[in-house]
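Here is a short report to read alongside the structure. It visits a few loop residues and then a pocket.

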Amino acid sequence: MRKSDALAAIALLALATGCSKVEEADTGTADGADAATTAEQTPLESALSAGPEDVTNNATVLDADGNVVREGSNGWTCIAETPGMGPMCNDAVWMEALGALQAGEPFPTGKFGMSYMLAGEGGAPGVSNLDPSATEPTDDNMWIKDGPHLMIILPDPALYADMTNDTSEPVYVMWKDTPYAHLMVRISPAEE
């Protein structure tokens, strides 16, 4: 199997696991979040808006300050929207990557990681696609505010080398050539 075929298969598998949640968001059910309702949500509602029910039902939930709102039992952690980031549901590898990013330490490779951001960025301002430490847009840091998406850490960083970081593509590499590189798999259009 060619590398591009394998990556496409991973993206499709990840997309398939998140589709039921996106359909709920599109129909306006209680689990769907948008920028207008995010401010009105409790931390629990905000965090749970990020992932599919089979992930959120038994996930640990953290508020925007990192306080545990609910203990979980399935290894997933869902985090409420913060001033700088939309709500997300992360597996253990993604939690490890976030910890490394916050500490400014390299993230060890060799692991597959999955994160859901099915509510998009909400009221958060977005992020640089080039610089994980950037806090605001500039003319040259490829600032993006994605809609609902998945984030996938590949176990071998060499796999990102031939992939695009063009944010107009439905699948692209964020933070390419950094220890925090990962695939972004857009499920619906980027937010305005």
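Let us start with Met-142, which is partly exposed, its relative accessible area being 29%. Please keep in mind that the model is predicted. Met-142 sits in the loop between β6 (127–128) and β7 (143–144). Its phi is near 50°, a positive value in a residue other than glycine.

Trp-175 also has a positive phi, near 60°, and is likewise a residue other than glycine. You will find Trp-175 in the loop that runs between β9 (171–174) and β10. With a relative accessible area of 9%, Trp-175 counts as buried because that value falls under 20%.

A further loop residue is Thr-82, placed between β3 (77–79) and β4 (88–90). Thr-82 is buried, and it touches Ala-64 and Ala-124, leaving aside residues up to four places away in sequence.

| Residue | Relative accessible area | Class |
|---|---|---|
| Met-142 | 29% | partly exposed |
| Trp-175 | 9% | buried |
| Thr-82 | 15% | buried |

Now for the pocket. The largest pocket holds about 660 Å³ of space. Its lining is made up of 32 residues, and those nearest its centre are Gly-84, Met-85, Leu-98, Leu-101 and Trp-175. So which element gives the largest share of this lining? That is α5, with six residues. At least two lining residues each come from α5 (92–103), β8 (149–153) and β10 (182–186). Sorted by class, the lining of the largest pocket has 19 nonpolar, ten polar and three charged residues.

Key. Residues are numbered from 1 along each chain as its sequence is written. This is a predicted model: local features need pLDDT of at least 70, side-chain atom pairs count only at pLDDT 80 or more; totals for chains, interfaces and linings use all residues. Side-chain values use heavy atoms; hydrogens and water are left out. Helices (H or I, at least four residues) and strands (E, at least two) are DSSP runs, numbered from the N terminus. Buried means under 20% relative accessible area, exposed over 50%, partly exposed in between (1.4 Å probe, protein chains only). Contact means heavy atoms within 4.5 Å. On a 1 Å grid over the protein atoms alone, a cavity is a set of points where a 1.4 Å probe fits but cannot get out, and a pocket is an open set with protein on both sides within 12 Å along at least five of seven lines; lining residues have an atom within 4 Å of a point. Grid points are joined across faces, edges and corners, and a volume is the space filled by probe spheres set on the points. Ala, Val, Leu, Ile, Met, Phe, Trp, Tyr, Cys and Pro count as nonpolar, Asp, Glu, Lys and Arg as charged, and the others, Gly among them, as polar.
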